[in-house]
2 protein chains.
Amino acid sequence: MNIFNINQNILYGIGIMTGTSCDAIDISLVKFEYFDDLKLSLIKFKSKSFPLNYAKKVKEIIENKISIQEISQFNFYYSYLIADSVKEFIESEQINYFDIDFIAIHGQTLWHNPTPSNFMGKKISSTYQSVNLSAIAKILKKPIIGDFRSGDIALGGQGAPLVPIFDELFFQDESKDTICLNLGGIANITVVPNKKSKKEVIAFDIGPANTLIDLVASQYFDKNYDEDGDLAKQGKLDQSLLKIMLDDEYFILPPPKSTGREKFNIKFIDNSLQKLNYRVKPIDLLRTLTELTAITIANSINKLELEIPRLIISGGGRNNKFLIELLSENLNKVEIKNIEDFGIISESKESVAFAYLGWLFLMQRNGNLPSVTGAIQKTILGTLAI
Amino acid sequence: MNIFNINQNILYGIGIMTGTSCDAIDISLVKFEYFDDLKLSLIKFKSKSFPLNYAKKVKEIIENKISIQEISQFNFYYSYLIADSVKEFIESEQINYFDIDFIAIHGQTLWHNPTPSNFMGKKISSTYQSVNLSAIAKILKKPIIGDFRSGDIALGGQGAPLVPIFDELFFQDESKDTICLNLGGIANITVVPNKKSKKEVIAFDIGPANTLIDLVASQYFDKNYDEDGDLAKQGKLDQSLLKIMLDDEYFILPPPKSTGREKFNIKFIDNSLQKLNYRVKPIDLLRTLTELTAITIANSINKLELEIPRLIISGGGRNNKFLIELLSENLNKVEIKNIEDFGIISESKESVAFAYLGWLFLMQRNGNLPSVTGAIQKTILGTLAI
């Protein structure tokens with residue numbers, strides 16, 4: 001049975017991303033023009049803070065045992081929060097409500113573990129993005145698409161990363177290979193082969209980007225982050241400490257691989273420091289961690305053995321000038337591009353990618369890349385409420 | 001934007017109901033023929049037991065604090081269980097897989113409270129039917145529709161009952177008013193005015209049907225239920241106890257109203273017995289509870305002041321001959337009809353109703369009755385995974 005019938009060549013979709021760090025609700029308005037090829041353009045973007053008690057509640061749900069009532073109430077609470085944010089966005093950006101064709105929502109991740117574990121005698125892996133799509137649809141009176149990760153998980157995939165299909169659409173070049181490097185808490189890359197290549201897109205987490213640097217900046221220098229990398233620049237590289245950290249098994253694992261703050265956290269730093277028989281000054285630690293980030297990223301990219309690829313850097317870490325300087329020193333030849341040259345703001349990238357996943361759903365096209373997620377097949381991702 | 005385009009007049013849908021009692025997975029295959037009017041027919045029905053540990057796990061989730069991991073895993077576990085049950089159903093009933101157009105699923109209710117309560121500074125009401133629609137869609141490769149209650153809740157309704165719209169479709173008569181009485185744990189009715197009437201459908205819970213009788217049968221007579229009402233028939237009606245129970249405020253409340261085992265349970269019986277200064281024999285208690293059920297139902301129906309309505313009884317309680325006898329004695333004139341005369345099996349009714357709700361979603365028609373749920377408006381109910 002053919003359920004869907006969308007005969008509009010031009011669609012406007014809103015994409016909404018709320019990450020595990022609970023720092024902001026990112027909202028993008030994206031225009032999709034589909035004639036021979038799809039042309040996607042970012043029209044408006046806004047990042048909105050969560051209410052003050054939000055991050056605490058998410059942490060409470062993730063870390064403690066909780067009643068099903070709290071989960072159920074949180075699903076609806078989150079949905080109304082998103083609906084309100086969309087209304088505010090439309091008003092402040094002076095968007096015509098009638099122009100909006102659909103809204104795609106990532107949801108608040110409360111659980112994500114693609115590794116099967118025993119549950120009531122069965123091997124089950126699952127993911128949980130809190131949201132009630134139907135509740136949002138009733139408030140906003142627009143088609144709402146969400147739950148993009150579950151379908152891939154059900155087909156044996158990791159349910160992540162989902163942004164690479166957007167990287168492929170948006171950054172693929174006729175003749176040059178492209179590397180999309182995102183410097184968030186964790187550094188991850190998508191490698192998009194050029195259009196003539198027969199290689200598939202690959203994507204993986206490299207290791208820490210800002211997470212360890214931010215931790216030390218906050219613990220010893222009372223700063224949220226090391227602005228421009230000015231602190232690290234004053235420190236001295238500790239070769240022994242660097243070697244200990246580089247020996248971590250994660251850096252040796254071949255891709256595809258993924259990691260997070262569960263691994264690269266204060267314990268990782270403490271355990272590495274404990275292997276030395278002397279103390280390391282905080283400023284030298286900061287320098288060494290910045291080198292670790294630059295070197296592990298450079299190594300991962302160099303190992304790909306691409307012929308002068310284009311490198312597009314996004315994420316907060318690209319503002320760390322010293323980190324970018326060290327990275328450039330260690331990289332084989334690449335052509336560095338600004339993400340803004342492609343018409344999107346670095347901070348908007350994930351929300352734009354989810355708007356694209358919403359469009360793919362409505363067009364009944366596959367949204368996952370098995371070469372990236374490990375799923376047994378390509379599939380349509382998402383669930384729709386009207 | 002017009003998303004849906006279904007141009008088939010004949011559709012086959014599977015409806016799946018799993019209730020809070022966790023006794024069975026009810027699966028119906030329903031044929032929808034839509035030319036001038038909709039003709040709905042039950043093709044196949046099967047009821048399948050849950051695994052032995054299922055009810056215990058649901059109880060554990062509902063009654064205790066639990067990790068988000070358990071909720072997430074349960075969503076996927078339930079979905080695979082349903083997918084397996086559908087596969088079994090299709091095989092054992094020799095259904096052609098290609099004939100099936102869609103599957104509609106109620107989900108496992110883990111929370112349902114339409115009364116708003118404070119949550120992070122907002123008044124929130126919510127409902128939680130466990131299931132991951134996308135996971136089922138990937139396994140069964142059919143459109144899956146679920147989460148039928150949330151949309152009505154978001155519009156200020158009770159999110160229940162949802163079956164009355166099916167009662168209206170299926171049982172409405174040209175000239176006679178129809179009462180659909182369901183004798184489950186709780187007795188509920190839908191009143192469907194005749195086609196010429198300008199009245200709206202109403203529906204409400206009357207009070208206990210089998211729940212109290214079953215409790216006493218199990219506690220004192222080691223039986224799951226009082227077969228044919230044979231035990232109650234041997235007992236003597238205790239008028240004082242009956243009066244105490246009839247004085248309960250729930251029976252006096254005007255409809256719409258809803259209740260459950262949270263109210264009509266062993267405590268209700270004990271509290272009533274404590275108001276007497278003598279002991280009541282178990283057999284007399286059983287007789288009195290059977291009278292209570294018959295009288296509260298008869299009173300509710302008589303109060304409607306309908307002119308010889310048709311009465312269609314469904315649910316396990318209709319097998320209690322003595323209860324039906326007492327009910328008939330107390331009722332004003334009605335015309336009693338068998339649900340089977342309409343071509344459906346009593347046990348299949350709810351699963352057929354959810355198949356109909358799935359069809360309504362695909363046709364983009366409203367699924368709630370505000371006169372029944374209290375929602376501020378009619379709305380399309382459901383969420384779709386492909």
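## The contact between the chains

In this predicted model, 66 residues of chain B are in contact with 66 residues of chain A. What area do the two chains bury between them? Chain B and chain A bury about 5,700 Å². Of that area, 65% is on carbon and sulfur atoms.

Several elements of chain B give two or more residues to the side that touches chain A. Among them are the helices H1 (54-63), H2 (68-92), H3 (133-140), H4 (150-154) and H13 (349-362) of chain B. Strands E5 (108-119), E6 (122-130) and E13 (383-385) of chain B also take part. The largest share comes from H2(B), with 12 residues. By residue class, the side of chain B that touches chain A divides into 34 nonpolar, 23 polar and nine charged.

## Polar links across the interface

How many salt bridges does the rule find across the interface of chain B and chain A? The count there is zero. Polar contacts are found, however: 19 residue pairs across the interface of chain B and chain A, with both residues at pLDDT 80 or more.

## How the copies are related

Two copies of a chain are related by a rotation about an axis and a shift along it. Here, a rotation of 180° superposes chain B on chain A, with 0.0 Å of shift along the axis. The RMSD is 0.0 Å. That is the relation of a two-fold axis.

The interface residues fit this picture. Of the interface residues of chain B, 100% are also interface residues in chain A, so the copies meet through the same surface.

## Salt bridges

Over all chains, the rule counts 30 salt bridges. One is in chain A: the side chains of Lys46(A) and Glu93(A) meet at 3.5 Å, N to O. Lys46(A) lies in strand E3 (residues 38-48) of chain A. Glu93(A) lies in the loop between helix H2 (68-92) and strand E4 (102-105) of chain A. The pair therefore ties together parts that are 47 residues apart in sequence.

## Backbone exceptions

Most residues other than glycine have a negative phi, and most peptide bonds are trans.

The peptide bond from Ala160(A) to Pro161(A) is cis, with omega near -10°. Pro161(A) sits in the loop between helix H4 (150-154) and helix H5 (164-171) of chain A. In chain B, the bond from Pro255(B) to Pro256(B) is cis, with omega near 0°. Pro256(B) is placed in the loop between helix H9 (249-252) and helix H10 (266-274) of chain B.

Where is Glu305(A) found? Its place is the loop between helix H11 (282-303) and strand E11 (310-314) of chain A. Glu305(A) is not a glycine, yet has a positive phi of about 50°.

## Confidence

The mean pLDDT of chain A is 95. In that chain, 99% of residues reach 70 or more. For the complex, the predictor gives an ipTM of 0.93 and a pTM of 0.93. Where pLDDT is low, the predicted coordinates should not be read in detail.

Key. Residues are numbered from 1 along each chain as its sequence is written. Chains are lettered from A and ligands numbered from 1 in the order in which they are written. Side-chain values use heavy atoms; hydrogens and water are left out. pLDDT is the predictor's confidence in each residue, from 0 to 100. Copies are superposed by least squares on the C-alpha atoms of residues with pLDDT of at least 70 in both. Contact means heavy atoms within 4.5 Å. Buried area is the accessible area (1.4 Å probe) that two parts lose on being put together, summed over both. A salt bridge is a side-chain nitrogen of Lys or Arg within 4 Å of a carboxyl oxygen of Asp or Glu. A polar contact is a pair of N or O atoms within 3.5 Å; within protein, one must be able to donate a hydrogen and the other to accept it, and residues adjacent in sequence count only if both atoms are side-chain atoms. Helices (H or I, at least four residues) and strands (E, at least two) are DSSP runs, numbered from the N terminus. Ala, Val, Leu, Ile, Met, Phe, Trp, Tyr, Cys and Pro count as nonpolar, Asp, Glu, Lys and Arg as charged, and the others, Gly among them, as polar.
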